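Here is a colleague's note to read alongside the model. Please keep the sequence and the 3D view open as you go.

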Amino acid sequence: MDLARLWLGLLLPLVAALDFRYHHQEGMEAFLKSVAQNYSSITHLHCIGKSVRGRNLWVLVVGKSPKEHRIGIPEFKYVANMHGDETVGRELLLHLIDYLVTNHGKDAEITQLINSTRIHIMPSMNPDGFEAVKKPDCYYSNGRENYNNYDLNRNFPDAFENNNVTQQPETLAVMKWLKTETFVLSANLHGGALVASYPFDNGVQATGTLLSRSLTPDDDVFQHLAYTYASRNPNMTKGDQCKNKRNFPNGITNGYSWYPLQGGMQDYNYIWAQCFELTLELSCCKYPREEKLPVFWNDNRASLIEYIRQVHLGVKGQVFDQSGNPLPNVIVEVQDRKHICPYRTNKLGEYYLLLLPGSYVINVTVPGHDPHLTKLTIPRNSQTLGALKKDFHLPFRVQLDSILVSDPSCPMVPLYKLRPNHTAATKPTLYVFLLTLLHIFFK
């Protein structure tokens, strides 16, 4: 009998198939711990902080050598359930985890993706809100906010205006987490609409608000990212699937164009964490019935996977001095798309720039030295995973101590309010301004 049980155990999968139902904190933790135990070679489970009520904020890392930072391997993240009553994303991320680990070594695409990327997944940023929902509602439940009644997606520092709110434990945990990794691409998953929204959520005149939009210097990349996700979802790309909601052409929208939002996470990621982030609205109903979950998974699976692949867009590499030392805190940006918080190399001298195929001039600037300009062309290479690799070897020696002493961080103040003309790439021209006035007068 014991021998029979042994053989049966060997034949069964390592983790029982994840069922399509809502997993509360205990069930979610049990699943994540089971995955981490049974797939320890490609996963690592850790807690980045606690909610107001003391619930753990879990993150599962999927990747080759998941505990280690490896040179040239980009960091990707998914975050869901910022609003406790927006539940679809939470379950989709659990099923994404299940899909990734069970297909590693079996599916060539998934295996390559895991071996070339570190994927960080936080299924629930607001576990207190989720547990507080007693009567699910499609439009609003009392679990939207955290236990202190704060909307976590209005709780981050804002680059455009003062955001005078008390930052919550969940928000502070995420901000601290962003400083520990060199995240390149991410998305936060919501409900209540069906659209892929891209930055900025807030704005000023210099970013295009006269035209009811707010564009980043990387607007071409963001529109590509949003369309990449939406186009693989059979309903999102239609743009008009939710009743009483506006029509979104191709299933995408600029956040500010939809409605201005102060203190949002996607703007914070882009400005202060050097991480491109989208907000993915995945369901017209915020808390749909459990029997609908398989449909949402089938509609979003290809989009979730393909969006992760986009972390390999553009160019990546390291910056070295004349002696071969990797240089941290070095500005590496495209010459004509400067960020208001300059994008810099990490402590290992690594940089990542998400760019579409084309020719660019890369500006590499070491503090105290003149800019080093290099022209490069990013080829069309969509069939393989891997950004163009370009290392920069600077023709001078750098005192590492002087670089490390300088503070590369940007102040947590409304940066665009202080420097409205900083971002020339998004500044409306006089021509656009005159067109806007004509539109107002003759509307």
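The points below take up the disulfides, then other cysteines, then the sheet and a helix.

1. This is a predicted model. Please read every value below as computed from that prediction.

2. Start with the cysteines. The structure holds 3 disulfides. A disulfide is a covalent bond between the sulfur atoms of two cysteines. Number the bonded cysteines of the protein chain in sequence order, and the pairing reads 1-4, 2-3, 5-6.

3. Take the pair Cys138 and Cys285. These two cysteines are joined by a disulfide, with an S to S distance of 2.1 Å. Where do Cys138 and Cys285 lie? Cys138 is in the loop between α5 (127-132) and α6 (169-180), and Cys285 is in the loop between β8 (276-283) and α10 (293-309). The pair therefore ties together parts that are 147 residues apart in sequence. The torsion about the S-S bond of Cys138 and Cys285 is about -90°, so this disulfide is left-handed.

4. Cys285 has a relative accessible area of 15% and is buried, because the cut-off for buried is under 20%.

5. Next comes Cys242 with Cys284. Their sulfur atoms are 2.0 Å apart, and the two form a disulfide. This pair links distant parts of the chain, 42 residues apart. Cys242 sits in the loop between α7 (219-231) and β7 (252-254). Cys284 sits in the loop between β8 and α10. This disulfide is left-handed, because the torsion about the S-S bond of Cys242 and Cys284 is about -85°. Cys242 counts as buried at 11% relative accessibility. Cys284, with a relative accessible area of 30%, is partly exposed.

6. Now look at Cys341 and Cys410. They form a disulfide with sulfur atoms 2.3 Å apart. Cys341 lies in the loop between β10 (331-334) and β11 (350-353), and Cys410 lies in the loop between α11 (400-405) and α12 (415-418). So this pair ties together parts that are 69 residues apart in sequence. Cys341 is buried at 5% relative accessibility. Cys410 is buried too, with a relative accessible area of 16%.

7. Two further cysteines deserve a look. Cys47 is partly exposed, with a relative accessible area of 33%. Cys275 counts as buried, at 0% relative accessibility.

8. Turn to the sheet. What is the order of its strands? This open sheet of 8 strands runs β1-β2-β4-β3-β5-β8-β6-β7, and its pairing is mixed. Its edge strands are β1 (43-50) and β7, each pairing on one side only. From one strand to the next, the twist averages 20°.

9. Strands β3 (residues 75-80) and β4 (residues 118-122) run parallel and are joined by 5 bridges. Find Tyr78, which stands opposite Ile121 in β4.

10. Finish with a helix on the sheet. Which strands does helix α2 lie across? Helix α2 (residues 25-38) lies across β1 and β2 (56-62). The helix runs at about 30° to β2. Recall that β1 is one of the edge strands.

Conventions. Residues are numbered from 1 along each chain as its sequence is written. This is a predicted model: local features need pLDDT of at least 70, side-chain atom pairs count only at pLDDT 80 or more; totals for chains, interfaces and linings use all residues. Side-chain values use heavy atoms; hydrogens and water are left out. A disulfide is a pair of cysteine sulfur atoms within 2.5 Å. Helices (H or I, at least four residues) and strands (E, at least two) are DSSP runs, numbered from the N terminus. Buried means under 20% relative accessible area, exposed over 50%, partly exposed in between (1.4 Å probe, protein chains only). Two strands pair if DSSP finds at least two bridges between them. Axes are lines fitted to C-alpha atoms, for helices over the stretch in contact, and angles run from 0 to 180 degrees between N-to-C directions. Contact means heavy atoms within 4.5 Å.
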